[in-house]
Amino acid sequence: MKFTNRRVQISESADIHPSAKIGDGTIIYDNVKIGANTIVANDCIIGEPTNDYYRNDEYKQPNTVIGSDGLIRSHNIIYAGAEIGNNISTGHHAIVRENSKIGNHCSIGTYTELQGDCEIGNYCRFQSNVSVGQLSRIGDYVFIYPFTVLTNDLTPPSEIYCGSQIGSYTQIASSCVILGNAKIGQHCLIAANSTVGGLFEDDSFIHGSPAVYKGKLSKMPFFNQEGKRHYPWPQNFDRGMPWNKSELKTPKGPSQ
Amino acid sequence: MKFTNRRVQISESADIHPSAKIGDGTIIYDNVKIGANTIVANDCIIGEPTNDYYRNDEYKQPNTVIGSDGLIRSHNIIYAGAEIGNNISTGHHAIVRENSKIGNHCSIGTYTELQGDCEIGNYCRFQSNVSVGQLSRIGDYVFIYPFTVLTNDLTPPSEIYCGSQIGSYTQIASSCVILGNAKIGQHCLIAANSTVGGLFEDDSFIHGSPAVYKGKLSKMPFFNQEGKRHYPWPQNFDRGMPWNKSELKTPKGPSQ
Amino acid sequence: MKFTNRRVQISESADIHPSAKIGDGTIIYDNVKIGANTIVANDCIIGEPTNDYYRNDEYKQPNTVIGSDGLIRSHNIIYAGAEIGNNISTGHHAIVRENSKIGNHCSIGTYTELQGDCEIGNYCRFQSNVSVGQLSRIGDYVFIYPFTVLTNDLTPPSEIYCGSQIGSYTQIASSCVILGNAKIGQHCLIAANSTVGGLFEDDSFIHGSPAVYKGKLSKMPFFNQEGKRHYPWPQNFDRGMPWNKSELKTPKGPSQ
C-alpha cells in the first residue's frame, strides 16, 4: 500500500531508474539520479536545495546521486550535491547535507545527520543520533554509535574549520565528542563518553575525557564467548561485511 | 482543522476503535489495532513494516497494538509488532521499533527511539532524545532524561547483544551511557553524564564515568523546599502518578 | 517546484504577509502571524496546539508570531504561543514549544528542541541536536553546539523547575549538561562534555564533569592563525553578526 504514487513530485530532470520505487509524499528535485532497485520510502526529500535556492535567482542545482539497491526510509532529507554509493540503508528522519560523499554498503541511522563536505568510505555504519561535522574524513568499516559527534571547530566560534580523520575498522562508542584535530588510526576503539583530540596510532584503545591512550586494543582483555580475543573485530564479526569470519585466512588486523 | 481525513491511508485489516481519531497524512498498515479515544496526530506511520517487507515477497505483517486513551503526536513511526498499553503519550518524531512491549501510562518524548525487542513497564517517562537499545528491560516509574542511551554491545561490533536492566522508580539523568551489562536496582538515581556498567543495589546514588556507588540515595543530602529529603521521590512527586503524595501511608521507597 | 500550494492548510484567522511563502503540506493553525518575506518550507506545523486542544472543548488558541525574513525549513513544529523575531533560520525537524520567546537573527538547528517557557536573545545559534529545557534564560550571541542539554530539575523528578541562565557571547561546546542552577556569565567558554552547575563569572573557561573554573578565558592560550588570542571571540568572528571584526573600535569583550 505504500507505493501508490500519491503526492509524489518528481522533477522532469531527475533520472530515476525504472526499477526504483518512490514512496508517497516524496519530493525529488532537479538533477537527481537514483539507481536500480533503490527504494525511497514516503515523505522524503531528495536533492533538497541549499540556502541559495530560496534567495538567489541564479541558483544552479548541483547533481545528487544515489546508487543502486538502496533503502532510504521515511522522512529522510538528502541535499543537492550529495553522492551516495550503492546499497545504502538509512533509518528514519536521517539527513545528508550537501557535498557529502558516501561509499557503498553504508548505513545511516535514524536522526543521524551528516553535515556536508565530508568523505565516508565503504561499509560504514552510523547508528541513530550520530552527528558528523563538515570536513570529517572517515575510512572503511567504521562504526559510530548513538549521540557521538564529530566536531570541527577548536575555538568556537571561528572561521577555521578542521575535520577529524577516522581510520578504517575503528569503532567509536556512544556519546563521544571527537574534536576537529583528532586523527585516529585504524582498528582503534574509543570508549563511550570520551572526548578525543590529537593523534592516536593504529590499534589504540582510547578512553576518557580528555581521552588518553590506554594500550594496544589487540592486547586488551576483551574476549568473546569462546574465550578468544575480540579485537581485531573482523575475525569475530561479519554480518553485512564482505568477508566470512570463519574463512579469514589473512586476519584483517592492524599491521603488526 | 486537524482531523479532516485528508490523505489518510488505513489498511482494511486495521481495527481502529470508532472513537479514535486519525490525523491527516497518517498511514496505518495491516493488522494494526488502536483502542478507544486514542488520538493519532498527523503524518504518523503505524505498523511500519520491517526490512523484509521491502525485499521479501513472503513477508507477514505482525500485529501492532496501541491501547486506549493515547495521544500519539505528529510524525511518529510505530513499527509492526509493537505492543503499547493504554494512556500512551508521545512527543513528535518519536520511533518505536518492532517487538517493543510498553505498559500503560508511559510517555515517549520527541526524537526518542525505542529500538525494539525491549520491555518497558508502566508509568515510565522517556523525555526527548532518549535512545533505548534492543533487549533493554525497564521496570515501572522509571524516568530517563535527554541524550541518555541504553546500549547493548560491550565489544562493538559483536553479535552478542545484552540489554541493561533498570529497576522501578530509578531515575537516569541527562546524557548518561548505560552499558549492556548494567543491572540497576530500584529507587536509584544516576547522575547526569555518567557511564554505567555492572550491578548496583536498590537505593544507590550512582555517579561518574565510569560510574561508582556514592552511597544510599535516601541518605544523600537532596532536600525539597520544605527541608524534607527528596528521595525516595514518590513522597514528593505525584503528577501523573497513581498515588497522592500527601496520602501515602506506606511510603513507596526502597526496602529498608 | 516547492511552493505549489498543494496540501497547504491555513486557518482563516492566520495573518500571513502576502510576500511570505508557504511550502507544500504545511499546516498553519489559528491565530498565527507570519511576517514579510518569511519562507516556511514543506510539511511544517505552525501554531501546533498544546495538549488541551485535544481533550478540552474550551481550549483557546494563543497567538503565535514569526517575524519577517525568516527561513523555516521542512518538518518544523512551532507551537502556539511561541514568539519568534525577524530573520530566524531553522534546520529540519526543529521544534519550538509553547511560550518560547526568541529574538532576532537566531538560528535553530536540525532536531533541536526549545521546550517552551524560555527566553532567548538575539543572534543566538543553536546547532543541531540541542535541547533547551523550560525556563532557560539565554542572552545574545550565545552559541550552543550539538548534544548539549540545558536541564531544569535538580532532583528528578520534582515539581520545582529552575532554568539556567547563560550570559551573552558565551559558547557552550558539544555534549554538555547544564544544570538548572547554573548561572553562567558573559564571554565564557564551556568545554565539550562538561557538566555544569552553580555560578561562573564573566570571562570564565569552564571544564570538567563536574565542571570547574580553569581561569580567565581571555588569558587562556587559544590563538588564531595569526597568533592573536581568539577570545573574546567577536574580534575574530563576524559571519552573520552585526559588526565587522576588522572595524571593531571598542572591542566587544568582558568588562576588564
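Me: Helices (H or I, at least four residues) and strands (E, at least two) are DSSP runs, numbered from the N terminus. With that settled, in which loop is Y141(B) found?

Reply: A heads-up before we start: this is a predicted model, where local features need pLDDT of at least 70, side-chain atom pairs count only at 80 or more, and totals for chains, interfaces and linings use all residues. Residues are numbered from 1 along each chain as its sequence is written, and chains are lettered from A, ligands numbered from 1, in the order written. Y141(B) falls in chain B, in the loop between β20 (137–138) and β21 (143–144).

Me: What is phi of Y141(B) near?

Reply: Y141(B) isn't a glycine, yet its phi is positive. In chain A, Y141(A) also has a positive phi, of about 60°, and sits in the loop between β20 (137–138) and β21 (143–144) of that chain. For Y141(B), phi is near 60°.

Me: Does Y141(A) count as buried or exposed?

Reply: We go by C-beta atoms placed from the backbone: 20 or more others within 10 Å of a residue's own make it buried, 12 or fewer exposed, and anything in between partly exposed. Y141(A) has 26 C-beta neighbours inside 10 Å, so it counts as buried.

Me: Which residues does T90(B) touch, not counting those up to four places away in sequence?

Reply: T90(B) belongs to strand β12 (residues 89–90) of chain B. T90(B) is buried because 27 other C-beta atoms lie within 10 Å. A contact here means two C-beta atoms, placed from the backbone, within 7 Å. Leaving out those sequence neighbours, T90(B) touches I72(B), R73(B), N76(B), S107(B) and I108(B).

Me: How many Å apart in space are T90(B) and S128(B), C-alpha to C-alpha?

Reply: Along the chain, T90(B) and S128(B) are 38 residues apart. Going C-alpha to C-alpha, their separation in space is 9.6 Å.

Me: Which strands of chain C stand at the edges, each with a single partner strand?

Reply: Strands pair when DSSP finds at least two bridges between them. Chain C has an open sheet of 10 strands, paired parallel in the order β1-β4-β7-β10-β13-β16-β19-β22-β25-β28. Two of these strands have a single partner each, so one side of each has no neighbour in the sheet. Those edge strands are β1 (9–10) and β28 (195–196).

Me: In β13(C), what is the bridge partner of I78(C)?

Reply: Strand β10 (residues 77–79) and strand β13 (residues 95–96) of chain C pair in the parallel sense, over two bridges. Within that pairing, I78(C) is bridged to V96(C).

Me: How many residues lie between β30(C) and β31(C) in their hairpin?

Reply: The antiparallel pairing of β30(C) and β31(C) has five bridges; H207(C), for one, is partnered with V212(C). The two strands form a hairpin, and the residues between them number two.

Me: Which rotation superposes chain B on chain C?

Reply: Copies are fitted by least squares on C-alpha atoms of residues with pLDDT of at least 70 in both. Chain B goes onto chain C with an RMSD of 0.0 Å and 0.0 Å of shift along the axis, by a rotation of 120°. The two copies are therefore related as by a three-fold rotation axis. In chain B, the C-alpha nearest that axis belongs to F147(B), at 4.0 Å, and the rotation itself is 120°.

Me: How many residues of chain C are in contact with chain B?

Reply: For comparison, the contact of chain C with chain A takes 31 residues from chain C and 27 from chain A. Where chains B and C meet, chain B puts in 32 residues, and the number from chain C is 27.

Me: What is omega near for the cis peptide bond from P156(B) to P157(B)?

Reply: P157(B) lies in the loop between β22 (149–150) and β23 (165–166) of chain B. Chain C has a cis bond from Y231(C) to P232(C), with omega near 0°, in the segment after β31. For P156(B) to P157(B), omega is near -10°.
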